[in-house]
Amino acid sequence: MNFNQIQPDWLPIFEHEASKPYYHKIEAQISLDSANGNIIFPPENQIFEAFKFTSLQNTKVVILGQDPYHGEREANGLCFSVNKGIKVPPSLRNIYKELASDINHFKIPNHGNIDNWAKQGVLLLNTSLTVIKDQANSHSKIGWHQFTNKIIETISNQKEHVVFILWGKNAHDKMEFINPNKHLVLKGVHPSPLSASRGFFGCKHFSKTNDYLVSKNLSPINWQIDA
């Protein structure tokens, strides 16, 4: 896994973490799984896709997912996002429904590519960055949590007035790495069909995010997805 395409201000953190034993274990496990005939998602050149679109300096919002989509051609390295031409997954459909309820004039798009959020400073980060095809959470315990803990902690320590959107238990577990006195933390249930009706719908996290950013003299996020 190389860091050639990530935004330069992430590089010191990546290089520091890549020198640690836990990171070597991640690489070894991925190599072993591949050698055993397993397909790993997302493709290797997209594992760090979130850090290609969004620099540390420009990060204004962090949306935390769980692990990447494990279906064929779904995962693209941005949490909740899929490339155009891929069926919109259920969790993202529910996100769109909440957006349509929460944000004036939001129109639900016919695709699931949300990279224009990333280009505006929304770090679309999964807590695990890889998964074995058709095996949900298969890489959730190989060490990625240590890596993403460090990313969250770095953002919290080095920046101010970031909105952290934490949906579901995996994301809630990152709370200990965020300073709530410097940042806004929005916690809620996961938007999956299993839980969305238990509090995700009506959470208004998108308008709350923009209200906070504006209150800190930061530009709000244009949540509309281009056709």
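Pro 42 sits in the loop that runs between strand E1 (40-41) and H3. Here helices (H or I, at least four residues) and strands (E, at least two) are DSSP runs, numbered from the N terminus. The peptide bond leading from Phe 41 into Pro 42 is cis, with omega near -5°.

This is a predicted model, so local features need pLDDT of at least 70 and side-chain atom pairs count only at pLDDT 80 or more, while totals for chains, interfaces and linings use all residues. Residues are numbered from 1 along each chain as its sequence is written, and side-chain values use heavy atoms, with hydrogens and water left out.

Most residues other than glycine have a negative phi, and most peptide bonds are trans. Now look at His 105: it is not a glycine, yet its phi is positive, about 70°. You'll find His 105 in the loop between helix H4 (90-102) and helix H5 (115-119). Asn 137 also has a positive phi, near 65°, and its place is the loop between strand E4 (131-132) and H6.

How open are these spots? Buried means under 20% relative accessible area, exposed over 50%, and partly exposed in between (1.4 Å probe, protein chains only).

| Residue | Relative accessible area | Class |
|---|---|---|
| His 105 | 75% | exposed |
| Asn 137 | 36% | partly exposed |
| His 139 | 1% | buried |
| Trp 223 | 1% | buried |

His 139 lies in the loop between E4 and H6. What does His 139 touch, not counting residues up to four places away in sequence? Its partners include Ile 30, Asp 33, Ser 128 and Trp 144, where contact means heavy atoms within 4.5 Å.

Trp 223 belongs to the segment after helix H8 (205-215). Leaving out residues up to four places away in sequence, it touches Ile 63, Leu 99, Ile 103, Phe 106, Trp 117, Val 122, Phe 206, Thr 209 and Asn 210. Take Ile 103 from that list: it is 120 residues from Trp 223 in sequence, but the two are 8.0 Å apart in space, C-alpha to C-alpha.

**How the helices pack**

Two packed helices are described by the angle between their axes and the distance between the axes. Axes are lines fitted to C-alpha atoms, for helices over the stretch in contact, and angles run from 0 to 180 degrees between N-to-C directions.

Start with helix H2 (residues 21-35) and helix H6 (residues 144-158): their axes come within 9 Å and cross at roughly 130°. That makes H2 oblique to H6 (angles under 35 degrees count as roughly parallel, over 145 as roughly antiparallel, 65 to 115 as roughly perpendicular and the rest as oblique). On the H2 side, Tyr 22, Tyr 23, Ile 26 and Ile 30 make the contact, and on the H6 side Trp 144, Gln 146 and Phe 147 do.

H6 also packs with H1, at an angle of about 145° and with the axes 11 Å apart. Here Ile 13, Phe 14 and Glu 17 of H1 meet Phe 147, Lys 150, Ile 151 and Thr 154 of H6.

Which residues of helix H1 (residues 11-18) are buried? They are Ile 13, Phe 14, Glu 17 and Ala 18. Seen down the axis of H1, these fall within an arc of 125°, so they line one face of the helix; the arc is that of the directions from the helix axis to the C-beta atoms. The buried residues of H1 pack against H2, helix H3 (49-53) and H6.
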